[in-house]
Amino acid sequence: MKPVFEITRGMLPTDTSYCPGCAHGIAHRIIMETLVEMGQLENTIGVTPIGCSIVSHEFMNVEMCESAHGRAPAIASGIRRVHPDKMVFTYQGDGDLASIGAGEIVHAAHRGEKFTTFFINNGIYGMTGGQMAPTTLIGQKATTAPEGRDPELTGWPLRVAEMLATIPGAVFVERVALNSPANVMKAKKVIRKAPEIQQKKLGFTFVEILSTCPTNWGKTPIEACKWIDEKVIPYYPLGNLRTPEEA
Amino acid sequence: MTYKMFFAGSGGQGVLMMGQAIAYAAMMEGKEVTFMPSYGPEMRGGTANCTVIVSDKPISCPLINEADAVVVMNPPSLTKFESMVSPGGKLFVNTSLIDFAPTRTDVEITDIAANDVAKDIGLARSANIVMLGAVAQGVGIVSAASVRKVMSKLFSGSKAHLLEPNLKALDVYLKGE
Amino acid sequence: MSEKVLMKGNEAFGEAAIRGGARFYFGYPITPQNEVPEFMSRELNKRGGQFVQAESELAAVNMAYGAAAAGGRVFISTSSPGFALMQEGMSFMASAEIPVVAMNVSRGGPGVGGIQPGQADYFQATRGGGNGDYHIPVFAPSTLQEAVDMIYEAFEIADKYRNPVLILADGMMGQMMEPVVLPEQKEQLQSEDIASRKPWALTGWGGKEKRSTVVSLHMKPDVLEECVEKLFVKYRAAEKELVRYETHDLEGAQVVFVAFGTMARIVSEAMEMLGEQGIKAGMIRPQSLWPYPYCAFDEIDTATTKVVISTELSMGQMLQDVNIGVCGRWPTDLIYRTGGIVPTSLEIVERTKKILEGLKK
């Protein structure tokens, strides 16, 4: 009998530690499925961030390194220099990448480091309990913005993909979302392009993944998915910002 | 025997190079040697100085309280450092740029118009090499042959064409082997 | 044995690292060690390695962490304020058991401080400047030859203990020139050989028995305690195996100086000058600052020694260790200059005589 569905061997046979409705699990799975499809699972080294996904090495079946908060791009730069023919990626959230690690991500892109960053943007600090991130939307409540984010006090949400797309070394930059089956299917296609371009050693590749955090948003998983369509995508539009001609 | 030297001037006068040349020459002769430059913002157009110690035994401290020979290439260096010469020691003064006399009477003073001499032989930028020849001759701590050998190492490769003119500058005051 | 070459300290440090097998260097400009990254940018790429100028010391130390976690042999260098920034990485590398050789060409502090030589990073170096329970072996050379030899060996120590190792020099050593005999070039570990030689390193799990992960997070306190205790089994061994020091003229000495690095050189000249004046002086020169050679103090001549003086380019940071070593057996005192001032040997002689007079009263 032909199986209609198999769990990818890119994921380890264990439950994840993520909340119901959180998109980390989907992101993990489609990244790992992609590496399996590319025949790169055994050849890949990943770097985890500080945040809920620090322990993603317990779920993703690739060799991985934990990092200090925000430093994953520097660590991946070091790894890639030692192993120029391995597949290297960082997996980072928005507190990690857009705040404390803003310097490291900009300069990894600036040096055109030949690894891929998967940037999980859920607009909030998840693991520490719902504090405001640089990506938190105006009016969105957070434990450090109890009345909702006020641009007078905190500035405006940071569009990381757009910022990185201005850097010559960032050769592939695209934003995707994981809030509907159609968007997940589209995201998976984009997620495959980035490591393919990495293999061609053209420069830094970056995929921003709009994700849900129902727990810290105070929403049900379904409400969270709707909120991405209604509020998040209008501010962080989906689509490609940079593709190398060679790709 | 330990011989302590101090070279001072302004940035760009090739002061550190003079000290390095003596240090190289001494090392080639199998002597112990240390070279300690001043460093930092002073390097950029301000004062430059260095200490060279040559000895036949391991050198403990690369810094000095006083020097057996002091070389001053510009006026502020004479004012600031003539007190460093040990009594009976040697003071080399670049009289092309320094138009006042040292106050010390207990040291042996050698006046060298380094810039004028260099200009006269058509090598205006080699005043430091002219002075180096005079210093090497005057202190006698390294042989003339060793200093010439250092020149051939310093001026090699892309700088090889500079060797001959600089040997000429060196040999204005450096005599013998 | 190869012939002597006259080298600037910072360049000799870089050369020693390359000959010690370092293939990766990550650095950021800071005075007085700029010649190290400059030298590495000239030399490393053409000698089978890679130089990367990082955007900050924070990034440099984390690149080092990544490269060493991937099995590369890594050297990093900086100066005091830069090493303060690198402490995050030192703590992480100690926790994740990643071998890296770091060099601090230290200068006067605190804050931006100055760029002249200092030893005021003593606490930062020996007490663990980062968070948590860990140690870093620290070696303090006092000549360029010793620095070259220590850097060369440090890679083996780092690999053996799977821990960062620090070489603590200062601006004077970085800037001075001295003849050095360079050691043989060690064989470089090539990327394709890492998986077999360092099975713990990150290479991708293809062909391996076990998937490697490099971690420092342990959410369960009992697991973390166990991990820290495991580190300390290693540190207890290091405390026995890595203690290094020299003693000079302790027998019959009235005064015993304790000095490391640049200060030890000035003290040895002061010892000669004191001897000429009829004051017999000895010295303990710690070469390892962690582990500290407390045992060296047992060699002090009990019959003659009147005082033990910590002599340092800081405000008595090492005096704490001197007091532990002395353990109440002799009075202790401090001769210091700080802020980037290096005392002359004459100054040390004068201060020593004052201390001795004070003891008579």
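Q: Which residue in β13(C) is the bridge partner of C:F139?
A: The partner is C:S288. This is a predicted model, so local features need pLDDT of at least 70 and side-chain atom pairs count only at pLDDT 80 or more, while totals for chains, interfaces and linings use all residues. Residues are numbered from 1 along each chain as its sequence is written, and chains are lettered from A and ligands numbered from 1 in the order in which they are written.

Q: What joins β6 to β13 in chain C?
A: Two bridges join β6(C), residues 138–139, to β13(C), and the strands run antiparallel. Strands here are DSSP runs of E, at least two residues, and helices are runs of H or I, at least four, numbered from the N terminus. Two strands pair if DSSP finds at least two bridges between them.

Q: New topic. Which two chains have the most contacts?
A: Chains A and C, among the two pairs of chains that touch. A contact means C-beta atoms, placed from the backbone, within 7 Å.

Q: How many residues does each of them put in?
A: Chain A gives 26 residues and chain C gives 33. On the chain A side, β1 (44–48), β2 (63–66), α2 (72–82) and α4 (102–110) each supply at least two residues. The largest share, eight residues, comes from α2(A).

Q: What classes are those chain A residues?
A: Eleven are nonpolar, eight polar and seven charged. Ala, Val, Leu, Ile, Met, Phe, Trp, Tyr, Cys and Pro count as nonpolar, Asp, Glu, Lys and Arg as charged, and the others, Gly among them, as polar.

Q: In which sense do β2(A) and β9 of chain C pair?
A: In the parallel sense, over two bridges, where β9(C) is residues 213–214. A:C65 stands opposite C:V214 there.

Q: And how far apart are chain A and chain B?
A: Their closest C-alpha atoms lie 28 Å apart, and no contact joins the two chains.

Q: On to helices. At what angle do α1 and α2 of chain C cross?
A: Roughly 45°, with the axes of α1(C) (residues 9–19) and α2(C) (residues 35–43) coming within 8 Å. Axes are lines fitted to C-alpha atoms over the stretch in contact, and angles run from 0 to 180 degrees between N-to-C directions.

Q: So what do you call that arrangement?
A: α1(C) and α2(C) are therefore oblique to each other. Under 35 degrees counts as roughly parallel, over 145 as roughly antiparallel, 65 to 115 as roughly perpendicular, and the rest as oblique. The residues in the contact include C:F13 and C:I18 of α1(C), and C:F39 and C:M40 of α2(C). By class, the contact has five nonpolar, two polar and three charged residues.

Q: Last one: is B:P87 buried or exposed, and why?
A: B:P87 is exposed because it has 8 other C-beta atoms within 10 Å. The cut-offs, with C-beta atoms placed from the backbone, are 20 or more for buried, 12 or fewer for exposed, and partly exposed in between. B:P87 lies in β5(B), residues 85–94. Not counting residues up to four places away in sequence, B:P87 touches B:D106 and B:V107. B:D106 is 19 residues from B:P87 in sequence, but 5.6 Å away in space, C-alpha to C-alpha.
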